[in-house]
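Dear colleague,

I am handing over the structure below, and I would be glad if you opened it beside this message while you read. My notes on what was found follow directly after it.

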Amino acid sequence: RNILVIVDEAHRSHYDSLDGYARHLRDALPHATLLAFTGTPLSKADANTREVFGAGQDYIDVYDLRRAVEDGATVRVYHEPRLIEISLPEGVDPADIDAQADTLTAAMDDAERRKALKAALRMTNIYGAPDRVEKLAQDLVEHWEERSQNIRPDIGGPGKAMLVCATREVCVRVFDALAKLRPEWVGEGPDKGVMKVVFSSDPSDPAELKAHALRPSGHRIVQARAKDPDDELPLLIVNNMLLTGYDAPPIHTMYMDRPMRGAGLMQALARVNRRFRNKQDGLLVGYAPLSENLQKALAEYSHPCLPLLEPRELPLLEWK
């Protein structure tokens with residue numbers, strides 16, 4: 001009874017249903033006091049953080065993003081919709097495709113792998129259509145050059161940005177489109193260049209993806225450059241990597257070109273809310289439809305005892 005167990009990042013890897021570490025810990029220490037921390041608790045039928053870690057009891061304490069902004073621990077985040085239209089087959093919801101691809105990435109059998117590949121191909125065709133990629137690249141260049149200049153007085157430089165694409169293939173297509181508009185942004189090797197594509201690689205990848213593959217040492221170099229406010233690298237182009245757990249305070253703008261929801265969206269949002277020098281705010285630019293999912297995520301991850309204000313009044317997220 002004099003043992004205290006503290007769990008950080010209380011997520012599904014700890015679940016009893018997976019015969020995880022938590023099950024063995026409870027069996028070994030039946031009288032211990034257990035505390036769990038998480039920034040994004042889940043409340044789904046098959047993944048309920050409070051049921052697993054709190055036995056259905058209410059939270060001991062909630063320190064959400066709204067309180068963090070009020071305390072000055074993080075900066076406000078603004079949402080600027082700049083939707084670039086997509087052409088969808090009838091009856092296809094891009095959010096459903098994205099969710100399907102996300103849930104089929106671990107422990108896949110052959111049938112699940114085929115489904116995941118099909119979903120990824122569809123996402124690439126939808127979000128990576130040539131005319132759409134061209135529009136996105138043009139808009140991003142114009143927006144970034146203005147945004148980076150406007151923020152210079154606050155942080156003493158252009159700062160950093162992330163572009164989140166629907167698939168790895170779309171990442172490469174957007175990189176190529178940006179390179180045509182700004183060839184001086186391209187540099188050979190992980191230690192050169194104004195923009196870099198960062199994603200996980202596989203030996204079976206096609207040539208266009210292998211051209212951007214990084215060794216572990218290369219990933220470390222690029223990530224360190226993005227954290228360095230004096231380095232020439234301001235733009236990271238990503239699919240899934242660096243959206244959770246990667247802390248680079250100079251990042252102030254996220255260009256979101258994939259549908260996201262719930263915990264994943266809130267975790268991605270936190271990449272731009274870190275305090276840095278005199279940074280006043282973070283900015284989430286929505287090239288993909290985000291507004292409805294943002295409102296749902298904010299409602300889910302705001303404490304129920306705190307009234308959920310109208311979007312224009314939210315201290316966490318303001319809307320342009």
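In this predicted model, the largest nonpolar core holds 36 residues, and those that touch the most other members are Leu-140, Leu-163, Leu-178, Leu-235 and Ile-237. Two or more residues of this core are given by each of helix 5 (110–127), helix 6 (130–155), strand 6 (160–165), helix 7 (168–181), strand 7 (195–198), strand 8 (235–238) and strand 10 (281–286). The largest share comes from helix 7, which supplies eight residues.

As background, nonpolar side chains in soluble globular proteins tend to be buried together.

Some nonpolar residues, however, are found on the surface, where Leu-4, Ile-6 and Phe-37 form a patch with about 320 Å² of accessible area together; of these, Leu-4 belongs to strand 1 (residues 4–7).

Finally, is Arg-50 buried, exposed or partly exposed? Arg-50, which lies in helix 2 (residues 49–54), has a relative accessible area of 34% and is therefore partly exposed, since that term covers values between 20% and 50%. Arg-50 and Ala-10 are 40 residues apart in sequence, while their C-alpha atoms are 9.7 Å apart in space.

With best wishes

How values were computed: Residues numbered from 1 in each chain as written. Predicted model: local features only at pLDDT ≥ 70, side-chain atom pairs only at ≥ 80, totals over all residues. Heavy atoms only, no water. Patch = residues over 30% accessible without salt bridge, like charges linked within 9 Å, V, L, I, M, F, W, Y side chains within 5 Å. Areas by Shrake-Rupley, 256 points an atom, 1.4 Å probe, with all protein chains shown as cover. Salt bridge = Lys/Arg side-chain N within 4 Å of Asp/Glu carboxyl O. Helix = DSSP H or I, 4+ residues; strand = E, 2+ residues; numbered from the N terminus. Buried < 20%, exposed > 50% of the residue type's maximum accessible area, 1.4 Å probe, protein only. Core = buried A, V, L, I, M, F, W, Y, C linked by side-chain atoms within 4.5 Å.
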